[in-house]
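Hello,

Here is the structure I promised to pass on. Please open it first, then read my notes on its helices below.

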Amino acid sequence: MTDSRTGARILVEQLLLQGVNHLFCVPGESYLGVLDALIDNPGLRLIVNRHESGSTFMAGAYARLTGQPGVAFVTRGPGACNAAIGIHSALQDSLPLVLFVGQSPTAFLEREAFQEIDCRRLFGALTKWVAQIDRADRIPEFVARAFQTAASGRPGPVVLCLPEDVLEQAVTVADARCHQAVQAAPSDTQIASLRRMLGKAQRPIVIVGGSGWSAAASENLRGFAEANLLPVACAFRFQDAFDNRHPNYVGDIGLGINPQLAERIRSADLVLALGARLGEATTGSYTLLRAPVPQQTLIHAHAGLEELGRVFQADLMINTGMPQLAARLAMMTPIEEPAWANTLGQARAEYAAWQQRPAVLVHQAPKLDVWQLLLDLRAALPKDAIISNGAGNFAAWLHRFFPYVAPATQLAPTSGSMGYAVPAAIAAKISAPDKTVACISGDGDFLMTGQELATACQYNAGVLFIVFNNGMFGTIRMHQEQHYPGRVIGTTLTNPDFAQLARAYGGAGYRVTQTAEFPVALSEALASIRNRRLPALIELVCDPQLLSPTARIDDLRSLAGGAPGR
(Lines give C-alpha, C1' and ligand atoms only; values in the text may rest on other atoms or scores of the structure.)
Protein backbone atom coordinates (compact mmCIF):
# COMPACT_ATOMS: atom_id res chain seq x y z
CA MET A 1 0.00 0.00 0.00
CA THR A 2 1.14 3.53 -0.65
CA ASP A 3 1.10 6.51 1.70
CA SER A 4 -2.06 8.53 2.19
CA ARG A 5 -2.85 10.68 -0.86
CA THR A 6 -5.61 13.07 -1.85
CA GLY A 7 -8.10 11.89 -4.44
CA ALA A 8 -6.71 14.46 -6.87
CA ARG A 9 -3.16 13.17 -6.51
CA ILE A 10 -4.35 9.58 -6.84
CA LEU A 11 -6.18 10.50 -10.03
CA VAL A 12 -3.18 12.21 -11.63
CA GLU A 13 -0.90 9.29 -10.77
CA GLN A 14 -3.41 6.84 -12.29
CA LEU A 15 -3.30 8.82 -15.53
CA LEU A 16 0.46 8.44 -15.65
CA LEU A 17 0.10 4.71 -15.06
CA GLN A 18 -2.38 4.52 -17.95
CA GLY A 19 0.23 5.99 -20.29
CA VAL A 20 -1.33 9.44 -20.61
CA ASN A 21 0.99 12.27 -21.63
CA HIS A 22 -1.35 15.02 -22.89
CA LEU A 23 -4.39 16.52 -21.17
CA PHE A 24 -6.77 19.00 -22.80
CA CYS A 25 -8.89 21.24 -20.59
CA VAL A 26 -10.64 24.45 -19.71
CA PRO A 27 -9.86 24.99 -16.01
CA GLY A 28 -12.65 25.06 -13.44
CA GLU A 29 -12.92 25.43 -9.68
CA SER A 30 -14.58 22.03 -9.41
CA TYR A 31 -11.26 20.26 -10.05
CA LEU A 32 -8.72 22.68 -8.62
CA GLY A 33 -7.10 19.81 -6.72
CA VAL A 34 -6.28 18.04 -9.99
CA LEU A 35 -4.76 21.18 -11.45
CA ASP A 36 -2.60 21.56 -8.35
CA ALA A 37 -1.47 17.92 -8.50
CA LEU A 38 -0.38 18.38 -12.10
CA ILE A 39 2.28 20.88 -11.01
CA ASP A 40 4.20 18.01 -9.37
CA ASN A 41 3.80 15.74 -12.41
CA PRO A 42 5.44 17.43 -15.42
CA GLY A 43 5.14 14.21 -17.43
CA LEU A 44 1.53 15.19 -18.08
CA ARG A 45 1.44 18.10 -20.53
CA LEU A 46 -1.59 20.32 -19.91
CA ILE A 47 -3.08 22.09 -22.95
CA VAL A 48 -5.52 24.84 -21.97
CA ASN A 49 -8.30 25.60 -24.45
CA ARG A 50 -10.60 28.57 -24.94
CA HIS A 51 -13.78 26.47 -25.07
CA GLU A 52 -14.61 23.02 -23.78
CA SER A 53 -15.59 21.78 -27.25
CA GLY A 54 -11.98 22.48 -28.20
CA SER A 55 -10.83 20.22 -25.37
CA THR A 56 -12.91 17.22 -26.41
CA PHE A 57 -12.29 17.74 -30.14
CA MET A 58 -8.55 17.84 -29.39
CA ALA A 59 -8.72 14.74 -27.22
CA GLY A 60 -10.57 12.89 -29.98
CA ALA A 61 -8.08 13.99 -32.65
CA TYR A 62 -5.22 12.89 -30.40
CA ALA A 63 -6.87 9.47 -30.07
CA ARG A 64 -7.34 9.13 -33.82
CA LEU A 65 -3.70 9.99 -34.50
CA THR A 66 -2.09 7.90 -31.78
CA GLY A 67 -4.57 5.07 -31.19
CA GLN A 68 -4.33 5.83 -27.46
CA PRO A 69 -7.20 7.25 -25.37
CA GLY A 70 -7.41 11.02 -25.47
CA VAL A 71 -8.08 12.72 -22.12
CA ALA A 72 -9.94 15.94 -21.35
CA PHE A 73 -10.98 17.76 -18.18
CA VAL A 74 -13.90 20.19 -17.91
CA THR A 75 -15.90 21.65 -15.11
CA ARG A 76 -19.51 20.87 -14.20
CA GLY A 77 -22.64 22.36 -15.77
CA PRO A 78 -21.69 24.72 -18.60
CA GLY A 79 -18.33 23.01 -19.08
CA ALA A 80 -19.90 19.57 -19.40
CA CYS A 81 -22.55 20.82 -21.84
CA ASN A 82 -19.95 22.57 -23.99
CA ALA A 83 -17.87 19.39 -24.05
CA ALA A 84 -20.74 17.16 -25.20
CA ILE A 85 -20.29 17.89 -28.92
CA GLY A 86 -16.79 16.39 -28.88
CA ILE A 87 -18.08 13.33 -27.03
CA HIS A 88 -20.73 12.77 -29.68
CA SER A 89 -18.09 13.11 -32.39
CA ALA A 90 -15.81 10.57 -30.65
CA LEU A 91 -18.74 8.16 -30.36
CA GLN A 92 -19.54 8.26 -34.08
CA ASP A 93 -15.84 8.13 -35.02
CA SER A 94 -15.27 5.15 -32.66
CA LEU A 95 -12.43 6.91 -30.81
CA PRO A 96 -11.18 6.10 -27.28
CA LEU A 97 -11.64 9.20 -25.14
CA VAL A 98 -11.92 9.67 -21.38
CA LEU A 99 -13.57 12.87 -20.16
CA PHE A 100 -13.32 13.90 -16.51
CA VAL A 101 -16.00 16.31 -15.34
CA GLY A 102 -15.69 18.26 -12.10
CA GLN A 103 -18.85 18.06 -9.99
CA SER A 104 -20.50 19.82 -7.06
CA PRO A 105 -19.58 18.50 -3.59
CA THR A 106 -21.48 15.36 -2.65
CA ALA A 107 -23.24 17.17 0.21
CA PHE A 108 -24.86 19.54 -2.32
CA LEU A 109 -25.98 17.03 -4.94
CA GLU A 110 -29.65 16.65 -5.92
CA ARG A 111 -30.32 20.26 -4.82
CA GLU A 112 -29.64 21.85 -8.22
CA ALA A 113 -26.58 23.41 -6.64
CA PHE A 114 -24.41 25.92 -8.50
CA GLN A 115 -23.65 24.46 -11.94
CA GLU A 116 -24.75 20.99 -10.80
CA ILE A 117 -25.57 18.58 -13.59
CA ASP A 118 -26.39 14.88 -13.70
CA CYS A 119 -23.61 13.45 -15.87
CA ARG A 120 -25.29 10.07 -16.17
CA ARG A 121 -28.39 11.56 -17.76
CA LEU A 122 -26.47 14.11 -19.85
CA PHE A 123 -23.94 11.68 -21.31
CA GLY A 124 -25.80 8.38 -21.05
CA ALA A 125 -26.62 8.13 -24.76
CA LEU A 126 -23.25 9.50 -25.91
CA THR A 127 -20.80 7.16 -24.19
CA LYS A 128 -19.80 3.56 -23.67
CA TRP A 129 -19.87 4.16 -19.91
CA VAL A 130 -20.54 7.10 -17.61
CA ALA A 131 -20.12 7.05 -13.84
CA GLN A 132 -19.52 9.23 -10.80
CA ILE A 133 -16.74 8.45 -8.31
CA ASP A 134 -18.12 8.98 -4.81
CA ARG A 135 -15.13 7.60 -2.84
CA ALA A 136 -11.48 8.52 -3.24
CA ASP A 137 -10.32 4.96 -2.54
CA ARG A 138 -12.12 3.75 -5.67
CA ILE A 139 -10.43 6.19 -8.05
CA PRO A 140 -7.84 3.64 -9.28
CA GLU A 141 -10.58 1.11 -9.99
CA PHE A 142 -12.79 3.57 -11.89
CA VAL A 143 -9.93 5.07 -13.91
CA ALA A 144 -8.64 1.64 -14.93
CA ARG A 145 -12.12 0.58 -16.01
CA ALA A 146 -12.61 3.84 -17.92
CA PHE A 147 -9.49 3.32 -20.03
CA GLN A 148 -10.18 -0.39 -20.49
CA THR A 149 -13.71 0.35 -21.69
CA ALA A 150 -12.73 3.24 -23.96
CA ALA A 151 -9.97 1.30 -25.74
CA SER A 152 -11.49 -2.19 -26.08
CA GLY A 153 -13.91 -3.59 -28.63
CA ARG A 154 -15.35 -0.75 -30.67
CA PRO A 155 -13.46 2.17 -29.09
CA GLY A 156 -15.48 5.07 -27.76
CA PRO A 157 -15.85 7.78 -25.13
CA VAL A 158 -16.20 7.32 -21.36
CA VAL A 159 -17.13 10.04 -18.85
CA LEU A 160 -16.18 10.08 -15.16
CA CYS A 161 -17.73 12.67 -12.87
CA LEU A 162 -15.58 13.92 -9.96
CA PRO A 163 -17.29 15.53 -6.92
CA GLU A 164 -15.11 18.31 -5.59
CA ASP A 165 -14.84 16.92 -2.06
CA VAL A 166 -13.83 13.44 -3.28
CA LEU A 167 -10.76 15.01 -4.88
CA GLU A 168 -9.85 16.50 -1.48
CA GLN A 169 -10.26 13.27 0.52
CA ALA A 170 -6.98 11.71 1.73
CA VAL A 171 -6.91 7.91 1.64
CA THR A 172 -4.48 5.03 1.38
CA VAL A 173 -5.09 2.87 -1.69
CA ALA A 174 -3.06 0.76 -4.09
CA ASP A 175 -2.58 1.82 -7.72
CA ALA A 176 -4.19 0.04 -10.65
CA ARG A 177 -2.29 -1.41 -13.59
CA CYS A 178 -2.17 0.06 -17.08
CA HIS A 179 -5.13 -0.98 -19.20
CA GLN A 180 -4.76 -3.59 -21.96
CA ALA A 181 -6.94 -2.91 -24.97
CA VAL A 182 -8.76 -6.09 -25.96
CA GLN A 183 -9.94 -6.84 -29.49
CA ALA A 184 -11.59 -9.92 -30.92
CA ALA A 185 -9.95 -11.81 -33.79
CA PRO A 186 -11.42 -13.80 -36.69
CA SER A 187 -11.59 -17.56 -36.40
CA ASP A 188 -10.16 -20.04 -38.89
CA THR A 189 -13.71 -20.94 -39.88
CA GLN A 190 -14.61 -17.30 -40.59
CA ILE A 191 -11.51 -16.74 -42.74
CA ALA A 192 -12.25 -19.95 -44.64
CA SER A 193 -15.84 -18.81 -45.21
CA LEU A 194 -14.65 -15.41 -46.40
CA ARG A 195 -12.29 -16.99 -48.91
CA ARG A 196 -14.97 -19.38 -50.15
CA MET A 197 -17.47 -16.54 -50.67
CA LEU A 198 -14.83 -14.40 -52.38
CA GLY A 199 -13.93 -17.26 -54.71
CA LYS A 200 -17.55 -17.53 -55.91
CA ALA A 201 -17.88 -13.79 -56.58
CA GLN A 202 -17.94 -12.15 -60.02
CA ARG A 203 -18.04 -8.46 -59.02
CA PRO A 204 -16.62 -7.96 -55.51
CA ILE A 205 -15.66 -4.66 -53.90
CA VAL A 206 -13.96 -3.84 -50.59
CA ILE A 207 -15.21 -0.99 -48.39
CA VAL A 208 -12.68 -0.10 -45.71
CA GLY A 209 -13.13 2.39 -42.86
CA GLY A 210 -13.56 2.92 -39.16
CA SER A 211 -10.91 3.35 -36.50
CA GLY A 212 -8.04 1.04 -35.58
CA TRP A 213 -6.14 1.03 -38.87
CA SER A 214 -2.49 1.03 -37.85
CA ALA A 215 0.30 1.33 -40.43
CA ALA A 216 0.85 -2.44 -40.23
CA ALA A 217 -2.87 -3.15 -40.66
CA SER A 218 -3.09 -0.89 -43.71
CA GLU A 219 -0.02 -2.59 -45.19
CA ASN A 220 -1.56 -6.02 -44.66
CA LEU A 221 -4.79 -4.84 -46.26
CA ARG A 222 -2.79 -3.56 -49.24
CA GLY A 223 -1.19 -6.99 -49.65
CA PHE A 224 -4.59 -8.72 -49.54
CA ALA A 225 -6.06 -6.34 -52.14
CA GLU A 226 -3.05 -6.66 -54.44
CA ALA A 227 -2.91 -10.44 -54.25
CA ASN A 228 -6.61 -10.75 -55.12
CA LEU A 229 -6.88 -7.83 -57.59
CA LEU A 230 -9.64 -6.29 -55.49
CA PRO A 231 -11.01 -2.76 -55.92
CA VAL A 232 -10.89 -0.88 -52.60
CA ALA A 233 -13.06 2.11 -51.67
CA CYS A 234 -12.87 4.03 -48.41
CA ALA A 235 -15.85 4.83 -46.20
CA PHE A 236 -16.93 8.40 -45.47
CA ARG A 237 -14.02 10.34 -43.94
CA PHE A 238 -11.77 7.33 -43.51
CA GLN A 239 -9.80 7.78 -46.74
CA ASP A 240 -6.48 7.38 -44.93
CA ALA A 241 -7.12 3.67 -44.32
CA PHE A 242 -5.82 2.86 -47.82
CA ASP A 243 -3.28 4.69 -49.98
CA ASN A 244 -5.33 6.75 -52.45
CA ARG A 245 -2.47 6.61 -55.00
CA HIS A 246 -2.53 2.81 -55.09
CA PRO A 247 -3.81 1.14 -58.30
CA ASN A 248 -6.41 -0.78 -56.27
CA TYR A 249 -7.97 2.37 -54.81
CA VAL A 250 -11.17 3.36 -56.62
CA GLY A 251 -12.56 6.26 -54.56
CA ASP A 252 -14.32 7.37 -51.40
CA ILE A 253 -17.88 6.51 -50.47
CA GLY A 254 -19.69 9.40 -48.88
CA LEU A 255 -21.36 12.69 -49.67
CA GLY A 256 -20.72 13.60 -53.30
CA ILE A 257 -19.76 10.05 -54.32
CA ASN A 258 -18.64 9.37 -57.89
CA PRO A 259 -21.87 8.12 -59.56
CA GLN A 260 -19.91 5.37 -61.33
CA LEU A 261 -18.55 4.13 -58.00
CA ALA A 262 -22.05 4.20 -56.52
CA GLU A 263 -23.30 2.07 -59.39
CA ARG A 264 -20.35 -0.29 -59.00
CA ILE A 265 -21.37 -0.90 -55.37
CA ARG A 266 -25.04 -1.38 -56.23
CA SER A 267 -24.19 -3.91 -58.93
CA ALA A 268 -21.56 -5.76 -56.89
CA ASP A 269 -22.37 -9.35 -55.99
CA LEU A 270 -20.05 -9.29 -52.93
CA VAL A 271 -19.28 -6.40 -50.59
CA LEU A 272 -16.48 -6.85 -48.06
CA ALA A 273 -17.05 -4.11 -45.46
CA LEU A 274 -13.93 -4.08 -43.29
CA GLY A 275 -14.16 -1.83 -40.22
CA ALA A 276 -16.73 0.50 -41.76
CA ARG A 277 -19.85 1.14 -39.71
CA LEU A 278 -22.07 1.29 -42.83
CA GLY A 279 -23.81 4.42 -41.64
CA GLU A 280 -26.03 6.81 -43.57
CA ALA A 281 -23.26 8.72 -45.40
CA THR A 282 -21.32 5.60 -46.42
CA THR A 283 -24.40 3.83 -47.77
CA GLY A 284 -25.90 6.76 -49.66
CA SER A 285 -28.75 7.15 -47.18
CA TYR A 286 -29.10 3.37 -47.05
CA THR A 287 -29.58 3.03 -50.84
CA LEU A 288 -26.27 1.48 -51.92
CA LEU A 289 -27.14 -1.49 -49.74
CA ARG A 290 -30.73 -2.46 -49.02
CA ALA A 291 -31.82 -2.82 -45.38
CA PRO A 292 -32.21 -5.12 -43.63
CA VAL A 293 -31.10 -7.76 -46.18
CA PRO A 294 -28.75 -6.33 -48.84
CA GLN A 295 -29.14 -7.36 -52.47
CA GLN A 296 -25.39 -8.08 -52.51
CA THR A 297 -23.71 -10.82 -50.53
CA LEU A 298 -22.30 -8.93 -47.55
CA ILE A 299 -19.32 -9.74 -45.36
CA HIS A 300 -19.17 -7.28 -42.49
CA ALA A 301 -16.19 -7.19 -40.13
CA HIS A 302 -16.27 -4.75 -37.22
CA ALA A 303 -14.70 -4.32 -33.78
CA GLY A 304 -18.08 -3.69 -32.16
CA LEU A 305 -20.26 -6.74 -31.64
CA GLU A 306 -23.31 -4.49 -31.30
CA GLU A 307 -22.66 -2.99 -34.75
CA LEU A 308 -22.92 -6.30 -36.58
CA GLY A 309 -26.51 -6.79 -37.73
CA ARG A 310 -27.56 -3.36 -36.43
CA VAL A 311 -28.89 -2.28 -39.84
CA PHE A 312 -27.72 -4.85 -42.36
CA GLN A 313 -28.01 -8.60 -41.88
CA ALA A 314 -24.74 -9.72 -43.41
CA ASP A 315 -24.13 -13.19 -44.80
CA LEU A 316 -20.94 -13.38 -42.75
CA MET A 317 -20.36 -11.24 -39.64
CA ILE A 318 -16.90 -11.13 -38.08
CA ASN A 319 -16.32 -9.46 -34.72
CA THR A 320 -12.67 -8.42 -34.92
CA GLY A 321 -10.17 -5.64 -34.55
CA MET A 322 -8.73 -4.40 -37.83
CA PRO A 323 -5.08 -5.32 -37.13
CA GLN A 324 -6.17 -8.85 -36.24
CA LEU A 325 -8.30 -9.18 -39.37
CA ALA A 326 -5.80 -7.62 -41.77
CA ALA A 327 -3.02 -9.92 -40.56
CA ARG A 328 -5.13 -12.97 -41.37
CA LEU A 329 -6.21 -11.61 -44.75
CA ALA A 330 -2.60 -10.96 -45.72
CA MET A 331 -1.79 -14.63 -45.06
CA MET A 332 -4.81 -15.96 -46.94
CA THR A 333 -4.13 -17.96 -50.09
CA PRO A 334 -5.10 -15.68 -53.00
CA ILE A 335 -7.96 -16.52 -55.34
CA GLU A 336 -6.55 -18.04 -58.52
CA GLU A 337 -7.55 -16.32 -61.78
CA PRO A 338 -10.36 -14.27 -60.19
CA ALA A 339 -13.35 -13.60 -62.41
CA TRP A 340 -13.13 -9.86 -61.76
CA ALA A 341 -9.45 -9.51 -62.73
CA ASN A 342 -10.16 -7.40 -65.82
CA THR A 343 -12.46 -4.93 -64.05
CA LEU A 344 -9.99 -3.38 -61.59
CA GLY A 345 -8.33 -1.26 -64.26
CA GLN A 346 -11.69 0.09 -65.38
CA ALA A 347 -12.67 0.99 -61.82
CA ARG A 348 -9.37 2.80 -61.31
CA ALA A 349 -9.84 4.65 -64.61
CA GLU A 350 -13.25 5.83 -63.45
CA TYR A 351 -11.62 7.20 -60.32
CA ALA A 352 -8.91 8.94 -62.37
CA ALA A 353 -11.54 10.57 -64.56
CA TRP A 354 -13.37 11.75 -61.42
CA GLN A 355 -10.15 13.57 -60.42
CA GLN A 356 -10.10 15.81 -63.48
CA ARG A 357 -11.28 19.41 -63.47
CA PRO A 358 -15.04 19.30 -62.81
CA ALA A 359 -17.42 20.53 -65.49
CA VAL A 360 -18.79 23.21 -63.17
CA LEU A 361 -15.39 24.97 -63.53
CA VAL A 362 -14.90 24.27 -67.23
CA HIS A 363 -18.11 25.98 -68.31
CA GLN A 364 -17.75 29.09 -66.14
CA ALA A 365 -14.31 29.48 -64.55
CA PRO A 366 -14.27 31.60 -61.37
CA LYS A 367 -11.42 33.91 -60.39
CA LEU A 368 -10.45 31.37 -57.75
CA ASP A 369 -10.16 27.85 -59.19
CA VAL A 370 -10.53 25.56 -56.16
CA TRP A 371 -9.51 22.49 -58.16
CA GLN A 372 -6.21 24.11 -59.12
CA LEU A 373 -5.69 25.28 -55.54
CA LEU A 374 -5.92 21.70 -54.32
CA LEU A 375 -3.40 20.59 -56.94
CA ASP A 376 -1.04 23.31 -55.67
CA LEU A 377 -1.64 22.22 -52.09
CA ARG A 378 -0.93 18.56 -52.96
CA ALA A 379 2.35 19.57 -54.57
CA ALA A 380 3.48 21.73 -51.65
CA LEU A 381 2.68 19.42 -48.72
CA PRO A 382 4.66 16.30 -47.79
CA LYS A 383 2.92 12.98 -48.36
CA ASP A 384 2.56 12.35 -44.62
CA ALA A 385 0.96 15.74 -43.90
CA ILE A 386 -2.01 15.61 -41.53
CA ILE A 387 -5.16 17.26 -42.88
CA SER A 388 -8.14 18.24 -40.75
CA ASN A 389 -11.52 19.48 -41.87
CA GLY A 390 -14.84 20.18 -40.27
CA ALA A 391 -18.26 20.21 -41.91
CA GLY A 392 -19.46 22.12 -44.94
CA ASN A 393 -19.61 21.94 -48.72
CA PHE A 394 -15.97 23.03 -48.94
CA ALA A 395 -15.03 19.56 -47.69
CA ALA A 396 -16.43 17.96 -50.84
CA TRP A 397 -13.53 19.51 -52.78
CA LEU A 398 -11.02 18.17 -50.28
CA HIS A 399 -12.40 14.63 -50.11
CA ARG A 400 -12.64 14.34 -53.89
CA PHE A 401 -9.36 15.92 -54.98
CA PHE A 402 -6.86 15.50 -52.13
CA PRO A 403 -5.22 12.05 -51.92
CA TYR A 404 -4.52 10.53 -48.52
CA VAL A 405 -1.45 8.32 -48.51
CA ALA A 406 -0.75 7.10 -44.98
CA PRO A 407 -2.82 6.09 -41.92
CA ALA A 408 -3.53 8.78 -39.32
CA THR A 409 -3.36 11.64 -41.82
CA GLN A 410 -7.07 12.49 -42.14
CA LEU A 411 -8.90 14.17 -39.28
CA ALA A 412 -12.55 14.59 -40.23
CA PRO A 413 -15.70 14.02 -38.15
CA THR A 414 -18.15 11.45 -39.44
CA SER A 415 -20.74 13.18 -37.24
CA GLY A 416 -20.58 16.18 -39.59
CA SER A 417 -19.73 18.46 -36.70
CA MET A 418 -18.87 22.04 -37.53
CA GLY A 419 -16.04 23.52 -35.48
CA TYR A 420 -14.01 20.31 -35.42
CA ALA A 421 -11.21 21.21 -37.82
CA VAL A 422 -9.42 23.99 -35.91
CA PRO A 423 -8.91 22.24 -32.54
CA ALA A 424 -8.23 18.89 -34.25
CA ALA A 425 -5.40 20.40 -36.29
CA ILE A 426 -3.89 22.08 -33.24
CA ALA A 427 -3.97 18.80 -31.29
CA ALA A 428 -2.27 17.10 -34.24
CA LYS A 429 0.55 19.63 -34.32
CA ILE A 430 1.02 19.50 -30.55
CA SER A 431 1.17 15.70 -30.48
CA ALA A 432 3.23 15.38 -33.70
CA PRO A 433 5.28 18.60 -33.85
CA ASP A 434 7.53 17.35 -36.67
CA LYS A 435 4.59 16.74 -39.01
CA THR A 436 3.10 19.31 -41.38
CA VAL A 437 -0.51 19.95 -40.36
CA ALA A 438 -3.09 21.76 -42.47
CA CYS A 439 -6.60 22.73 -41.38
CA ILE A 440 -9.19 23.19 -44.13
CA SER A 441 -12.32 25.07 -43.03
CA GLY A 442 -15.28 26.96 -44.35
CA ASP A 443 -16.03 30.41 -42.98
CA GLY A 444 -18.93 29.21 -40.83
CA ASP A 445 -17.00 26.14 -39.73
CA PHE A 446 -13.89 28.13 -38.75
CA LEU A 447 -15.70 30.74 -36.68
CA MET A 448 -17.30 28.15 -34.41
CA THR A 449 -13.93 27.37 -32.80
CA GLY A 450 -11.61 29.94 -34.35
CA GLN A 451 -10.74 31.30 -30.92
CA GLU A 452 -8.49 28.26 -30.52
CA LEU A 453 -5.98 30.17 -32.68
CA ALA A 454 -4.99 31.63 -29.31
CA THR A 455 -4.24 28.10 -28.13
CA ALA A 456 -2.15 27.44 -31.24
CA CYS A 457 -0.09 30.56 -30.59
CA GLN A 458 0.28 29.80 -26.88
CA TYR A 459 1.73 26.34 -27.55
CA ASN A 460 3.68 27.17 -30.73
CA ALA A 461 1.49 24.94 -32.86
CA GLY A 462 2.44 25.98 -36.38
CA VAL A 463 -0.67 24.88 -38.24
CA LEU A 464 -1.49 25.98 -41.78
CA PHE A 465 -5.10 27.21 -41.73
CA ILE A 466 -6.96 27.58 -45.03
CA VAL A 467 -10.39 29.21 -44.83
CA PHE A 468 -12.88 29.00 -47.71
CA ASN A 469 -14.86 32.23 -47.39
CA ASN A 470 -18.01 32.39 -49.50
CA GLY A 471 -20.06 34.38 -46.99
CA MET A 472 -22.62 31.71 -46.25
CA PHE A 473 -23.46 28.41 -44.62
CA GLY A 474 -22.91 26.68 -47.95
CA THR A 475 -24.37 23.26 -47.26
CA ILE A 476 -27.63 24.65 -45.91
CA ARG A 477 -27.78 27.16 -48.77
CA MET A 478 -27.40 24.28 -51.23
CA HIS A 479 -30.34 22.42 -49.70
CA GLN A 480 -32.28 25.68 -49.53
CA GLU A 481 -31.78 26.29 -53.25
CA GLN A 482 -32.72 22.69 -54.07
CA HIS A 483 -35.99 22.74 -52.14
CA TYR A 484 -36.90 26.45 -51.94
CA PRO A 485 -35.04 28.10 -54.86
CA GLY A 486 -34.38 31.79 -54.42
CA ARG A 487 -35.97 31.97 -50.98
CA VAL A 488 -32.83 32.67 -48.96
CA ILE A 489 -33.00 33.07 -45.20
CA GLY A 490 -30.63 32.33 -42.34
CA THR A 491 -27.65 31.27 -44.46
CA THR A 492 -25.88 34.57 -45.24
CA LEU A 493 -22.81 35.42 -43.14
CA THR A 494 -21.00 38.68 -42.37
CA ASN A 495 -17.38 37.72 -41.77
CA PRO A 496 -14.28 39.39 -40.42
CA ASP A 497 -11.07 39.83 -42.37
CA PHE A 498 -9.70 36.36 -41.57
CA ALA A 499 -6.11 37.27 -42.46
CA GLN A 500 -6.16 40.21 -40.05
CA LEU A 501 -7.81 38.02 -37.42
CA ALA A 502 -4.92 35.57 -37.63
CA ARG A 503 -2.44 38.42 -37.24
CA ALA A 504 -4.33 39.72 -34.21
CA TYR A 505 -3.78 36.38 -32.48
CA GLY A 506 -0.07 36.47 -33.32
CA GLY A 507 0.04 34.33 -36.45
CA ALA A 508 0.56 35.21 -40.09
CA GLY A 509 -2.34 36.05 -42.40
CA TYR A 510 -2.83 36.11 -46.18
CA ARG A 511 -5.82 36.90 -48.40
CA VAL A 512 -6.20 35.27 -51.81
CA THR A 513 -8.77 36.38 -54.39
CA GLN A 514 -7.30 34.90 -57.61
CA THR A 515 -5.87 31.50 -58.50
CA ALA A 516 -2.40 32.79 -59.34
CA GLU A 517 -2.02 34.35 -55.88
CA PHE A 518 -2.35 31.08 -53.99
CA PRO A 519 1.05 29.43 -54.65
CA VAL A 520 2.83 32.57 -53.46
CA ALA A 521 0.69 32.87 -50.33
CA LEU A 522 1.12 29.15 -49.62
CA SER A 523 4.90 29.34 -49.94
CA GLU A 524 5.08 32.37 -47.64
CA ALA A 525 2.71 30.78 -45.10
CA LEU A 526 4.74 27.56 -44.90
CA ALA A 527 7.97 29.55 -44.56
CA SER A 528 6.43 31.63 -41.77
CA ILE A 529 5.41 28.46 -39.92
CA ARG A 530 8.90 27.01 -40.19
CA ASN A 531 10.62 30.21 -39.06
CA ARG A 532 8.22 31.38 -36.32
CA ARG A 533 6.64 28.10 -35.10
CA LEU A 534 3.31 29.92 -35.12
CA PRO A 535 0.17 29.37 -37.19
CA ALA A 536 -0.41 30.93 -40.59
CA LEU A 537 -3.83 31.46 -42.19
CA ILE A 538 -4.77 31.84 -45.85
CA GLU A 539 -8.24 33.23 -46.55
CA LEU A 540 -9.66 32.15 -49.91
CA VAL A 541 -12.30 34.57 -51.16
CA CYS A 542 -14.57 32.17 -53.06
CA ASP A 543 -17.28 32.69 -55.64
CA PRO A 544 -20.56 32.34 -53.68
CA GLN A 545 -22.17 30.88 -56.81
CA LEU A 546 -19.91 27.83 -56.60
CA LEU A 547 -21.51 25.69 -53.92
CA SER A 548 -19.79 22.36 -54.68
CA PRO A 549 -17.74 20.54 -57.35
CA THR A 550 -21.00 19.74 -59.12
CA ALA A 551 -23.32 22.68 -58.46
CA ARG A 552 -23.71 26.42 -58.89
CA ILE A 553 -26.59 28.36 -57.32
CA ASP A 554 -28.15 29.27 -60.68
CA ASP A 555 -27.97 25.64 -61.80
CA LEU A 556 -29.72 24.44 -58.65
CA ARG A 557 -32.48 27.00 -59.08
CA SER A 558 -33.00 25.89 -62.64
CA LEU A 559 -33.12 22.22 -61.70
CA ALA A 560 -35.50 22.95 -58.82
CA GLY A 561 -38.17 24.21 -61.14
CA GLY A 562 -37.49 27.44 -62.91
CA ALA A 563 -38.39 30.78 -61.42
CA PRO A 564 -36.73 31.66 -58.10
CA GLY A 565 -39.09 31.76 -55.15
CA ARG A 566 -41.70 29.47 -56.67
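The crossing of helices α14 and α15 is right-handed. This is a predicted model, and the values here are computed from it. Helix α14 covers residues 370–380, and helix α15 covers residues 394–401. Their axes come within 10 Å. They cross at roughly 50 degrees. An angle between 35 and 65 degrees counts as oblique, so α14 and α15 are oblique to each other.

Which residues make this contact? From α14 come Val-370, Trp-371, Leu-374 and Arg-378. From α15 come Trp-397, Leu-398 and Phe-401. The residues of the contact of α14 with α15 divide into 6 nonpolar, no polar and 1 charged. Arg counts as charged, so Arg-378 of α14 is the charged one in this contact.

Next, α1 and α6. Helix α1 spans residues 7–17, and helix α6 spans residues 139–151. They pack at an angle of about 35 degrees. Their axes are 9 Å apart. α1 passes α6 in a right-handed crossing. On the α1 side, the contact uses Gly-7, Ile-10, Leu-11, Gln-14 and Leu-15. On the α6 side, Ile-139, Pro-140, Val-143 and Phe-147 meet them. The residues of this contact divide into 7 nonpolar, 2 polar and no charged.

An α-helix has 3.6 residues a turn, so residues three or four places apart point the same way.

Then α10 and α12. Helix α10 holds residues 259–266, and helix α12 holds residues 344–354. How do they cross? Their axes come within 9 Å, at roughly 150 degrees. Angles over 145 degrees count as roughly antiparallel, so α10 is roughly antiparallel to α12. Pro-259, Gln-260 and Arg-264 of α10 make the contact with Gln-346, Ala-347, Glu-350 and Trp-354 of α12. Here the residues divide into 3 nonpolar, 2 polar and 2 charged.

α3 runs over residues 52–66, which is 15 residues. From its first C-alpha to its last, α3 reaches 21 Å. That is close to the 21 Å expected at 1.5 Å a residue. Is α3 mostly covered or mostly uncovered? Mostly covered: 14 of its 15 residues are buried. Gly-67 follows α3. The phi of Gly-67 is positive, near 80 degrees.

Best wishes

Conventions
Residues numbered from 1 in each chain as written. Predicted model: local features only at pLDDT ≥ 70, side-chain atom pairs only at ≥ 80, totals over all residues. Heavy atoms only, no water. Helix = DSSP H or I, 4+ residues; strand = E, 2+ residues; numbered from the N terminus. Expected span 1.5 Å × (residues − 1). Buried < 20%, exposed > 50% of the residue type's maximum accessible area, 1.4 Å probe, protein only. Axes fitted to C-alpha atoms, helices over the stretch in contact; angles between N-to-C directions. Parallel < 35°, antiparallel > 145°, perpendicular 65-115°, else oblique. Left-handed = near helix turned anticlockwise from the far one by under 90°. Contact = heavy atoms within 4.5 Å.
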